[in-house]
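Here are some notes to read alongside the model, written for a colleague who likes to check things residue by residue. Please keep the viewer open as you go.

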Amino acid sequence: MTRPPLLLPGAIARLFPSIPLDRFLAERYPGQLVVEDGPPERLGELGEARLFDHPLALIDKAFEDQVVVYIRCPNGRTQQISVDRPTAKRLYQNGHTVSIEGADLVLPLVRTWAAALRRELGYAAEVREVALLLSPPGDAVPMHFDGTEVLVVHLRGHKRWQIAANDAIRNPDFAYFPDEPNGIGVRDVVGASDRSFEASFDWPGEMPATAHVHTMCPGSALFVPRGWWHATHAHDATVSLTFKVGARSALSLVLDALSRRLRCIEAWRTPAPLWGPPAQRARVQTQLRALLAELPRLLEPAALATLLDAPRSFRRCSGARFAVEPPHPPGRTWALVVAVGDQRQSIKVDVDPDPLCQILSVASGTIFESDLQAVLPESSLAGVRALIDRLVELGVIEPVGEDGPDR
Ligand SMILES: [Fe+2]
């Protein structure tokens, strides 16, 4: 496989050619089910890469602790287990579906697609998980819903999907697998504690009769909103990618902002041993009440100002051109030469700016500050920001306004 591009333009347009990106964002993401079939060639190298013809070789590429198998048990349930790679290969050959978690970390081409989807959809930078699903013929993943939006790209074979809206809850922030103890799959068991909220629902025992049925073929793309029930059955050996493209909720935005605020305050970091003797417990309870009394002030919008900020993002100004002049003599700084109209400027930079030029040359939509940091890993955050400010000053890129990214 050749080296994947640093930036893949038009990922959503390739997956869903009938829906322009701005309409996808305005009307479909994150709440509408979308499916579109089409030739795998439109996916470029992702659709044609030969490595997806070899499931066992793909398992060998997985991180050792990132392989999950869906085991069909004698009691009729299908449950997840974490296994090592040799066991996963054996179970795959015995007809069980294997999920390689963190596929973006081991397959550069998948990482490029994940970055492109993140940039186009604008979802949280920290959510960039991709699972590579390898299913032999037969029932694959049992009925469940996910606590995040997912985008599925089907690469090999044919798989039947049943998908249904969830009448019990909308926009859950948790996954639920009825076949698993307490509904928790092995991937979600870490951090799961009080399940009383999840247990308070009357979950259906089987897929709702209203379920959509769609057979995914090589090249098919599917967007599933969070919380929708789905179950899959492979007609033949299949390979597909599941990109978790979680949209941020008000809950996660506020909790993150509040957490950042509270961790700066010593009293909130202090251990609160409610498990101690009665006198100690009473003292901690008094302290907690005092802290909680302070919360309304900390939750005022002015105190959480950054909460309302969109990720810092930019778009390329039309007509800007770029070139790199290597250090001369070697060891000195590079020059990033930009031309806007008949103005030509040279910016001295101490790292190779060629990856930056590539991004700026092909970017057709939003460019996040984190995109630019990612391609200049040897530069400090302050250095990248200074460079961005200079590019804005020269009219090469412009900040995306408060109305949101230009999509
Ligand atoms: Fe799922």
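The points below go from the domains to the sheets, and then to the helices and cores.

1. A word on the source before anything else: this is a predicted model. The domain assignment of the chain gives domain 1 as 11-244, domain 2 as 250-308 and domain 3 as 313-399. Taken over C-alpha atoms, the centres of domain 1 and domain 2 are separated by 36 Å.

2. Let us take the eight-stranded sheet next. This open sheet has the order β1-β10-β7-β12-β5-β4-β2-β3, with antiparallel pairing. Its edges are β1 (34-36) and β3 (78-82); each has a single partner strand, so one side of each is left without a neighbour in the sheet. On average, and with direction ignored, neighbouring strands of this sheet are turned by 20° against each other.

3. At the β3 end, you can follow the pairing with β2 (residues 67-72), which is antiparallel and has five bridges. A handy pair to display is Ile71 and its bridge partner in β3, Gln79. Helix α5 (residues 85-93) packs on this sheet, where it touches β2, β4 (97-100) and β5, and its direction makes about 35° with that of β2.

4. How many of the residues in β12 (residues 238-244) are buried? Seven of seven are. In a regular strand, side chains alternate between the two faces of the sheet. In β12, Thr238, Ser240, Thr242 and Lys244 point one way, while Val239, Leu241 and Phe243 point the other way, and all are buried. If you colour by residue type, do note that Lys244 is among these buried residues.

5. Which helix lies across β5, β7 and β12? That is α7 (residues 108-121), running at about 40° to β12. Helix α7 comes up again in the next point.

6. In soluble globular proteins, nonpolar side chains tend to be buried together. The largest nonpolar core here has 65 residues, and those with the most contacts inside it are Val67, Val98, Ile100, Trp113, Leu117 and Leu241. Helix α7 gives the most to this core, with eight residues.

7. Leaving aside neighbours within four places in sequence, Ile100 is in contact with Leu58, Ile59, Ala62, Gln66, Val67, Ala131 and Leu132. There is also a second, separate core of 17 residues, which includes Phe314, Leu336, Val338 and Leu376.

8. Finally, please look at the three-stranded sheet. Its order is β14-β15-β16; the sheet is open and the pairing is antiparallel. Since β14 (320-325) and β16 (343-349) stand at the edges with a single partner strand each, one side of each is left without a neighbour in the sheet. Strand β15 (residues 334-340) is joined to β16 by seven bridges, with the two running antiparallel.

Definitions and conventions: Residues numbered from 1 in each chain as written. Predicted model: local features only at pLDDT ≥ 70, side-chain atom pairs only at ≥ 80, totals over all residues. Buried ≥ 20, exposed ≤ 12 C-beta atoms within 10 Å, placed from the backbone. Helix = DSSP H or I, 4+ residues; strand = E, 2+ residues; numbered from the N terminus. Pairing = 2+ DSSP bridges. Domains from an automatic or database assignment. Axes fitted to C-alpha atoms, helices over the stretch in contact; angles between N-to-C directions. Contact = placed C-beta atoms within 7 Å. Core = buried A, V, L, I, M, F, W, Y, C linked by C-beta atoms within 7 Å.
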